[in-house]
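Biologist: I would like to learn how to read a few features of a protein model. Please show me the structure and take me through it.

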Amino acid sequence: MFNDIVIEKTFVPEQCGRAVKVGDYVRYHYNGMFPDGKKFDSSYDRGSTYNVYVGKKQLIEGMDRALVGMCVNERRLVTIPPQLAYGKEGYGDVIPSDAILNFDVLLLDVWNPDDGVQSETYYTPENCSRKVEVSDYVRYHYNGTLLDGTLFDSSHTRLRTYDTYVGIGWLIAGMDQGLLGMCVGERRIITMPPSLGYGSNGDGSDIPGQASLVFDVVLLDLHNPKDGVTITNQDIPQPCLRKSISGDFIRYHYNGSLLDGTLFDSSYSRNRTYDTYVGKGSLIGGMDEGLIGVCIGERRRITIPPHLGYGEEGTGTKIPGSAVLVFDIHIIDFHNPSDTVVIITNYKPEVCETLAKKGDFVKYHYNASLMDGSFIDSTYNYGKTYNIVLGANQVRRHLVIPPHLGYGERGVDGEVPASAVLVFDIEMIEMEAGLPDGYMFIWNEEVSADLFTEMDADKDLQVLASEFSDYILRQVNEGKGRLAPGFNANLIIENMFSNQDRNGDGKITEEEFKLKADETPHDEL
């Protein structure tokens, strides 16, 4: 007869994070057999593990010894002599006197009343600007298993994060503790004893009583109800002549992502800026706030808590409920509907006695671009100036033109975006003074008293269109008169002739000429 237990380790797991010690609480399955192989008891048959403290005489002495040093998922075949089992007395009708007992034991769980939550981080993101604190709201994915690896729940299978407050009793105590200090993107294993999990009763279905729980957690989102909009990663161009205010119309590019980096939208992918008013409720609250005070060309990151974004509902597709939003934006331009043309003189000759005015004919070169520097057009590419009759005021070097004074909300397809502010750098090459407002022809000297006779070249007492045109062009060539610069001379003269030819018969009589001369002159004679 042998005097001590005999242990045969039939399976030993590769990893053993913890071995049973005296005073630990264990859950295990077993089959109990006599040496002849006859089974006398089995936890499997009862459908429940055997749960007990080790080394506190709640077991036969041989089993108390046999369980010490075991690892979870380890399997042992234990042979126990009678003196360490039920001895001469046996156990009722089940165990006879002086019986040798064999137990095939599989350890499923081990914990100690002194245990607390154990957290093991196996992935830490490079940047961690903030960690979970009590009263924060978090979104995370998890796999929940028993200590032996049996899966009892997973947010991944539901394709939805678990969203909750931390530290205020919405979670089991072990999770309330285990999530504290996590960074977004961090992955950790949270192990807790039953006292911090579902206790002696379990959850009534997948989690048995007195079970240790293991949660493999990845944190995806984190905010606090007190959070406001956060502005970071600012790149402000210099100089910044103006910052956006409420009521401005703004064009910007953006990448929108969740806090874990998941991209949900991008203006770049559509190859078109997002164009909108700021501060008028056209945007989610966080963007309305985050776009105030920006400069043209500025880049910034705007982080928006859900109560200033899409709230508890999200968008139903790309943005989940209670999600923090991160927008990396680039301001292309902005303007206000009350804006006028901004004129900046980069160079002005020392002697500048004649200023361009409405009606003057000017020749100039220009480079046209958007506010972000994107090229639109340039006269230098064509090797010739742009020639126009001025509408009003002066031509200077640098013009900033709001869209309502440019190409408006539609822009120019393929060239100028809708609602774009325009920038023109102008160099005036030549200027010819225009005529007074409302005139297309003026005399430079006193008008002849016998004007009709001078026009009537063939002396037939009527002036044909050819005679009229020849006469006017001769006056211009001799410097006696001027046509409005920048306009088609032939069209001006045709219009002047039509105004004199009152009956429209293609010739002007002396009577028609006298009648017209009595009226207020403009481009007429």
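Biologist: Which residues does Glu-8 touch, not counting residues up to four places away in sequence?

Modeller: This is a predicted model. In it, Glu-8 touches Arg-75, Arg-76 and Leu-77 once residues up to four places away in sequence are set aside. The C-alpha atoms of Glu-8 and Leu-77 are separated by 5.0 Å, although the two are 69 residues apart along the chain. Glu-8 itself belongs to strand β1, residues 6–11.

Biologist: How is the relative accessible area of Glu-8 to be read?

Modeller: Buried means under 20%, exposed means over 50%, and partly exposed covers what lies in between. Glu-8 has a relative accessible area of 45%, so it is partly exposed.

Biologist: Where is Phe-40 placed, and is it buried or exposed?

Modeller: Phe-40 is in strand β3, residues 39–42. Its relative accessibility is 17%, so it counts as buried. Leaving aside neighbours within four places in sequence, Phe-40 is in contact with Gly-32, Met-33, Phe-34, Val-94, Ile-95, Leu-101, Asn-102 and Phe-103. Of these contacts, take Ile-95: it and Phe-40 are 55 residues apart in sequence and 7.7 Å apart in space, C-alpha to C-alpha.

Biologist: Why is the pair of Phe-152 and Phe-215 called edge-to-face?

Modeller: Planes over 60 degrees apart count as edge-to-face. The planes of Phe-152 and Phe-215 are at 85°, with ring centres 5.8 Å apart, so this pair is edge-to-face. It links distant parts of the chain: Phe-152 is in strand β9 (residues 151–154) and Phe-215 is in strand β12 (residues 213–223), 63 residues apart. Phe-152 counts as buried at 13% relative accessibility, and Phe-215 is buried with a relative accessible area of 7%.

Biologist: Which residues do ring pairs link into a cluster?

Modeller: Ring pairs link Tyr-28, Tyr-30, Phe-34, Phe-40, Tyr-50 and Phe-103 into a cluster.

Biologist: Now the helices. At roughly what angle do the axes of α8 and α9 cross?

Modeller: The axes of helix α8 (residues 465–477) and helix α9 (residues 489–500) cross at roughly 125° and come within 10 Å. The contact is made by Ala-465, Phe-468, Ser-469, Ile-472 and Leu-473 of α8, and by Ile-493, Met-496, Phe-497 and Gln-500 of α9.

Biologist: Which residues is Ile-493 in contact with, leaving aside its neighbours within four places in sequence?

Modeller: They are Phe-468, Ser-469, Ile-472, Leu-473 and Leu-483. Ile-493, in helix α9, is buried with a relative accessible area of 4%. Between Ile-493 and Phe-441 the C-alpha to C-alpha distance is 8.8 Å, and they are 52 residues apart in sequence.

Biologist: What should I look for in the backbone?

Modeller: Most residues other than glycine have a negative phi, and most peptide bonds are trans. Gln-210 has a positive phi of about 60° although it is not a glycine. Gln-210 is in the loop between β11 (187–192) and β12 and counts as buried at 19% relative accessibility. Ser-322 also has a positive phi, near 60°. Ser-322 sits in the loop between β17 (299–304) and β18 (325–335), and at 8% relative accessibility Ser-322 counts as buried.

Biologist: Is the peptide bond from Gln-238 to Pro-239 cis or trans?

Modeller: That bond is cis, with omega near 0°. Pro-239 lies in the loop between β13 (230–235) and β14 (249–258).

Methods. Residues are numbered from 1 along each chain as its sequence is written. This is a predicted model: local features need pLDDT of at least 70, side-chain atom pairs count only at pLDDT 80 or more; totals for chains, interfaces and linings use all residues. Side-chain values use heavy atoms; hydrogens and water are left out. Rings of Phe, Tyr and Trp (its six-membered ring) pair if their centres lie within 6.5 Å; planes under 30 degrees apart count as stacked, over 60 as edge-to-face and the rest as tilted. Helices (H or I, at least four residues) and strands (E, at least two) are DSSP runs, numbered from the N terminus. Buried means under 20% relative accessible area, exposed over 50%, partly exposed in between (1.4 Å probe, protein chains only). Axes are lines fitted to C-alpha atoms, for helices over the stretch in contact, and angles run from 0 to 180 degrees between N-to-C directions. Contact means heavy atoms within 4.5 Å.
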